[in-house]
Amino acid sequence: MCGIVGYIGKEDSKEILLRGLEKLEYRGYDSAGIAVANENGVHVFKEKGRIASLRESVDANVVAPVGIGHTRWATHGVPSKVNSHPHQSSSQRFTLVHNGVIENYDHIKRDYLQGVTFQSETDTEVVVQLIEKFVKEGQGVEEAFRGALKLLKGSYAIGLLDEQNPDIIFVAKNKSPLLVGLGEGFNVVASDAMAMIQVTNQYVELIDKEIVIVTRESVTIKNLEGTVVERAPYTAELDMSDIEKGTYPHYMLKEIDEQPLVIRKIISNYQNENGELTVDGDVRQAMVDTDRIYIIAAGTSYHAGLVGKQYIEKLAKIPVEVHISSEFSYNMPLLSEKPLFVFISQSGETADSRAVLVQVKEMGFKSLTITNVKGSTLSREADYTLLLHAGPEIAVASTKAYTAQISVLAILARDAARAKGIEVDFDLSKELGIVASVMETLCDDKEEMEQIAREYLATTRNCFFIGRGIDYYVGMEGALKLKEISYIQAEGFAGGELKHGTIALIEDGTPVISIATQEIVNLGIRGNVKEVVARGANPCIISMKGLEEADDRYVVPAVHELLTPLVSVIPVQLISYYAALHRECDVDKPRNLAKSVTVE
Ligand code: F6R
């Protein structure tokens with residue numbers, strides 16, 4: 001979603017800001033802008049659309065050692081040049097970029113800013129106008145900044161320039177991610193370390209409701225009351241090769257191929273000296289103490305949660321409910337006496353999940369976050385964290401995070417079973433090793449996947465994924481992958497449920513991709529395939545070695561029956577990728593989507 005960068009130093013800031021914004025492109029955006037300050041004032045450049053268009057519009061003759069930049073994903077007001085950031089106050093003295101949502105912007109307009117003419121439809125503009133109003137009333141800039149922030153309800157990460165003092169970037173944060181990066185003779189601001197990793201790997205984390213005064217030589221953190229806060233920097237463990245595509249045409253393909261390596265990394269990160277896969281003692285204790293687990297997640301992470309429920313219930317015998325985070329807050333089920341909340345989130349920043357975390361913390365319940373991003377909001381705010389070790393996931397469509405989430409959930413379930421003295425008759429470490437090898441074989445079979453995509457999905461309007469039990473959840477993930485990147489209308493259904501209504505949609509040639517990896521439901525799913533074939537469907541059965549039948553379109557090598565989602569999802573990811581490619585879709589940055597959804 002929206003991204004922020006800022007630079008204050010000695011070099012011209014334009015290129016640093018533009019490159020930083022390019023690194024944030026993967027998060028999804030619809031417009032972008034930068035504002036740079038020099039002795040002649042503040043110069044704002046912004047454009048609807050891609051950063052490439054912004055680049056073209058930037059005046060190369062303007063040289064300025066200070067600047068802020070922004071990628072916008074529209075929430076209040078359509079994507080347009082005028083609604084894109086940076087926004088300026090009426091006198092143009094103040095220039096501001098903002099991520100998040102100001103929930104009470106209407107009230108602020110009504111109560112404080114009557115008579116001000118607004119240029120944009122955004123919630124953001126009230127902040128910059130409010131600062132100007134307070135300064136005009138006689139307050140110092142820092143005081144006005146703090147005063148304005150105190151009135152805001154909602155989430156914000158802010159960068160502010162004052163034309164009359166271009167040697168400072170004012171920064172603030174509440175619920176939206178923001179970091180300050182430290183350099184020699186320069187400092188930077190970024191909503192994600194990835195944006196500025198090319199200039200520094202030293203970052204200072206900001207806590208909600210702090211402001212920061214950033215100059216070339218110093219970074220001063222204060223709370224909203226003005227008290228200085230000391231905080232040591234940390235080293236961002238990001239490798240440039242992790243965030244570059246290398247020889248791959250798309251990040252999505254690179255990330256699909258990285259999955260065997262991710263599984264191996266997970267094994268080595270969670271293995272103890274006896275070769276057992278274990279989690280920290282306090283996480284284990286929380287699993288032992290709880291009487292019911294509530295998994296909270298969105299999208300692909302929700303689908304991983306559904307698989308995780310099977311693991312935890314089957315191995316550790318703890319009841320689990322899986323909830324969509326945006327539904328949970330206002331539709332909370334009756335909770336058990338000792339609930340444990342497990343948040344699954346690749347980014348660790350999903351606002352819908354965070355809203356639930358805030359709620360359950362207030363209720364005094366324990367929480368665990370399973371995330372790919374160390375230090376992310378959900379990780380910081382939960383009691384415990386388990387990391388995915390998947391490396392940065394840049395393509396909007398999640399692939400390696402999904403398989404990493406499922407693997408970590410398997411480890412969590414296995415560990416809890418051991419702690420509760422429940423016998424588990426297989427060696428998870430060994431079985432995950434087999435999964436990694438099978439994943440490699442599948443990733444090497446791209447030509448076949450491309451052929452399947454061409455055969456079934458080249459021209460279709462819609463597509464169904466069906467499965468039973470754990471295969472149904474993979475079908476849901478397959479449908480999400482396909483629709484988000486190829487724009488083919490796709491639905492994942494429980495095989496047996498089709499005949500209760502949805503089968504009416506099956507026409508001559510409708511592709512039905514069926515996942516069949518579970519012995520217990522093999523006959524059932526094959527019966528469901530017959531039902532759709534009888535109504536004209538074009539069946540594509542993806543089965544598992546040992547359960548295959550003559551007409552199956554693709555057979556995946558066998559893995560442990562609980563771990564099949566880790567391998568059956570790979571053909572589905574690759575078929576979706578090639579379907580999107582055939583349709584000339586923007587695979588890594590599908591329309592309307594953002595990588596990290598930081599607004600509720
Ligand atoms: C789909 C996808 C999304 C995310 C969802 C949650 O490919 O990536 O559905 O899974 O937005 O995001 P996280 O996991 O960051 O909370």
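## The largest pocket

In this predicted model, 37 residues line the largest pocket, and E237, L238, N372, V373 and K374 are those nearest its centre; a pocket is an open set of points on a 1 Å grid over the protein atoms alone, with protein on both sides within 12 Å along at least five of seven lines, and lining residues have an atom within 4 Å of a point. Two or more lining residues come from each of α6 (193-196), β15 (234-235), α9 (259-270) and α14 (377-381), where helices (H or I, at least four residues) and strands (E, at least two) are DSSP runs numbered from the N terminus.

The volume of the largest pocket is about 1,000 Å³, taken as the space filled by probe spheres set on grid points that are joined across faces, edges and corners. Domain 1 (3-238) and domain 2 (246-443) each supply at least three residues to the lining of the largest pocket, with domain bounds taken from an automatic or database domain assignment.

## The second largest pocket

The second largest pocket holds about 640 Å³ of space, and A298, G299, T300, K595 and V597 lie nearest its centre among 28 lining residues. Helix α11 contributes the most to this lining, with 5 residues. Because domain 2 (246-443) and domain 3 (445-587) both give residues to the lining, the second largest pocket lies between them.

## Basis of the values

Residues are numbered from 1 along each chain as its sequence is written. Local features need pLDDT of at least 70 and side-chain atom pairs count only at pLDDT 80 or more, while totals for chains, interfaces and linings use all residues, and side-chain values use heavy atoms, with hydrogens and water left out.

Conventions:
1 Å grid on protein atoms, 1.4 Å probe; cavity = no way out; pocket = protein on both sides within 12 Å on 5 of 7 lines; lining within 4 Å.
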